[in-house]
Amino acid sequence: GATKIQYSYPQSIQGDRISSARSSVVSGHRGTMIARDGADWDCKAETMAIPTAPSLKGIFNTNVDPNLCTLCSDPLIDPRSDSDRPWMNICCGKEICSECRNSGFSYDRQSDRCLLCKATQINRIGLIKKQAKKGHAWGQFCLGIKFHNGNGVAKSEFEAVRWFRKAAAQGHPDALVDMSYHCFHGIGCKPNMAESRKYVERAMLHRRTLTDVAQRDLADLAVDYIRTHSTDMIEAAKTILVPLASDGLSLAQCKLGLYFFKADTYEESKQWLTAAALQGDREAAVYALECCRKLREIPQQRFWLGTASKLESLIDIPEREAGCIAAMDHASERMRRLRDVCGGCGAKLHGKMRNICKGCRTYCYCDQNCQKLHWNRLEGGHRADCLEVLDLKKKFKQMEKREG
């Protein structure tokens with residue numbers, strides 16, 4: 001069967017995504033800039049037929065419900081922290097949440113003994129190999145990770161691909177993501193774009209049960225697809241970015257916004273960049289600032305300038321960080337010059353003559369009459385822009401309150 005799912009632009013702050021936690025996958029460096037291409041993506045009302053995803057019981061782990069802790073039945077949440085990752089006992093394949101792991105109910109560290117099945121020496125690499133050779137998808141995936149990272153075994157991408165392929169054949173979602181990346185880049189196997197796309201299609205059936213790391217890897221892989229400038233690969237990138245962005249993944253929202261920005265479709269770009277910035281993405285805030293500059297939305301430019309200055313930079317590429325800082329500096333200079341002219345009559349302002357708008361805090365006026373004139377002006381009026389900024393401020397306050 002198939003389910004019809006309609007994706008649309010985010011209208012408010014995205015809710016928490018459904019994400020079952022698995023051991024994080026390190027798949028190497030991914031490209032992050034989106035190349036310009038003329039493809040036209042209409043994501044405003046995009047309807048796709050998504051086949052029903054097969055069951056993951058016995059694939060991720062041996063829990064009765066693969067999405068719930070085997071001890072307390074709480075969701076296996078991925079809190080993006082090394083100390084809080086869910087824990088799997090390789091001897092029996094049982095997976096528990098971080099709270100149960102820290103309480104010591106499943107594993108005796110001193111004797112290296114599983115308290116669920118009473119097995120001993122459960123952290124040996126030989127036990128992982130044994131489970132993988134028995135055909136358990138979770139064991140095969142764990143062994144692939146060991147070879148990929150060179151943890152306990154000699155690092156080998158060929159061996160990693162061998163075990164990822166076996167796990168992917170049984171439908172392990174994270175293994176499907178890793179295989180799509182390795183096949184596209186030819187790491188540990190021959191480059192094969194068609195095979196990479198097939199793995200992506202299967203992985204997207206389980207996109208809400210992927211780890212945060214795997215979801216980010218998929219978003220970065222979509223960028224690599226776009227760089228090929230192939231129509232088929234760009235369509236494949238679309239099937240990755242649009243659902244992930246609609247689900248609330250900030251990285252996918254930022255990538256989608258950057259794609260539209262490079263294609264000079266600034267309204268669409270601003271929609272997705274705003275959604276990503278509302279989750280604390282500084283780069284998205286800077287590009288939202290640039291979108292507003294292209295659209296000549298001055299109050300919004302000032303808002304995004306202030307927001308980008310407050311958000312922490314997560315960019316690890318010096319050239320891109322330098323570009324963001326330069327864009328912010330240019331915007332700051334434009335805002336400074338704006339304070340010297342009345343927004344209503346255009347007269348030059350000096351010293352205490354300035355009366356600033358208390359809503360967007362962008363325009364200055366001679367007096368209240370000039371402010372009313374600008375507010376009610378039919379063309380180039382201040383009303384719509386100021387109200388939009390106030391709405392954005394409200395959403396960011398909600399975000400800050402939610403993050404504590």
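User: Why is Lys155 called exposed?

Analyst: Some background comes first: this is a predicted model, in which local features need pLDDT of at least 70, side-chain atom pairs count only at pLDDT 80 or more, and totals for chains, interfaces and linings use all residues. Residues are numbered from 1 along each chain as its sequence is written, and side-chain values use heavy atoms, with hydrogens and water left out. A residue is buried under 20% relative accessible area, exposed over 50%, and partly exposed in between, with a 1.4 Å probe and protein chains only. Lys155 has a relative accessible area of 55%, and therefore it is exposed.

User: What makes the contact of Lys155 and Glu157 a salt bridge, and is Glu157 buried or exposed?

Analyst: A salt bridge is a side-chain nitrogen of Lys or Arg within 4 Å of a carboxyl oxygen of Asp or Glu. The side chains of Lys155 and Glu157 meet at 3.7 Å, N to O, and this pair is therefore a salt bridge. Glu157 has a relative accessibility of 18%, so it counts as buried. In general, side chains of opposite charge can pair when their charged atoms come close.

User: How many salt bridges does the structure hold, and which parts does the pair of Glu195 and Arg165 tie together?

Analyst: The structure holds 13 salt bridges. One of them joins the side chains of Glu195 and Arg165, at 2.7 Å from N to O. Glu195 lies in helix 6 (residues 193-204) and Arg165 in helix 4 (residues 157-169), so the pair ties together parts that are 30 residues apart in sequence; helices here are DSSP runs of H or I with at least four residues, strands are runs of E with at least two, and both are numbered from the N terminus. Glu195, with a relative accessible area of 23%, is partly exposed, and Arg165, with 30%, is partly exposed as well.

User: Where do Arg337 and Glu333 lie?

Analyst: Both residues lie in helix 13 (residues 318-338), 4 residues apart, which is about one turn of the helix. Arg337 forms a salt bridge with Glu333, and their closest N and O atoms are 3.6 Å apart. Arg337 counts as partly exposed at 45% relative accessibility, and Glu333 counts as partly exposed at 33%.

User: Why are helix 5 and helix 7 called roughly parallel, and why are helix 2 and helix 3 called oblique?

Analyst: Axes are lines fitted to C-alpha atoms, for helices over the stretch in contact, and angles run from 0 to 180 degrees between N-to-C directions. Angles under 35 degrees count as roughly parallel, over 145 as roughly antiparallel, 65 to 115 as roughly perpendicular, and the rest as oblique. The axes of helix 5 (residues 173-185) and helix 7 (residues 212-227) cross at roughly 25° and come within 10 Å, and these two helices are therefore roughly parallel to each other. Helix 2 and helix 3 (residues 137-149) pack at an angle of about 135°, with their axes 7 Å apart, and they are therefore oblique to each other.

User: How do you know that Ile125 is partly exposed, and where is its place?

Analyst: Ile125 has its place in helix 2, and at 25% relative accessibility it counts as partly exposed. Ile125 and Asn151 are 26 residues apart in sequence, and their C-alpha atoms are 9.1 Å apart in space.
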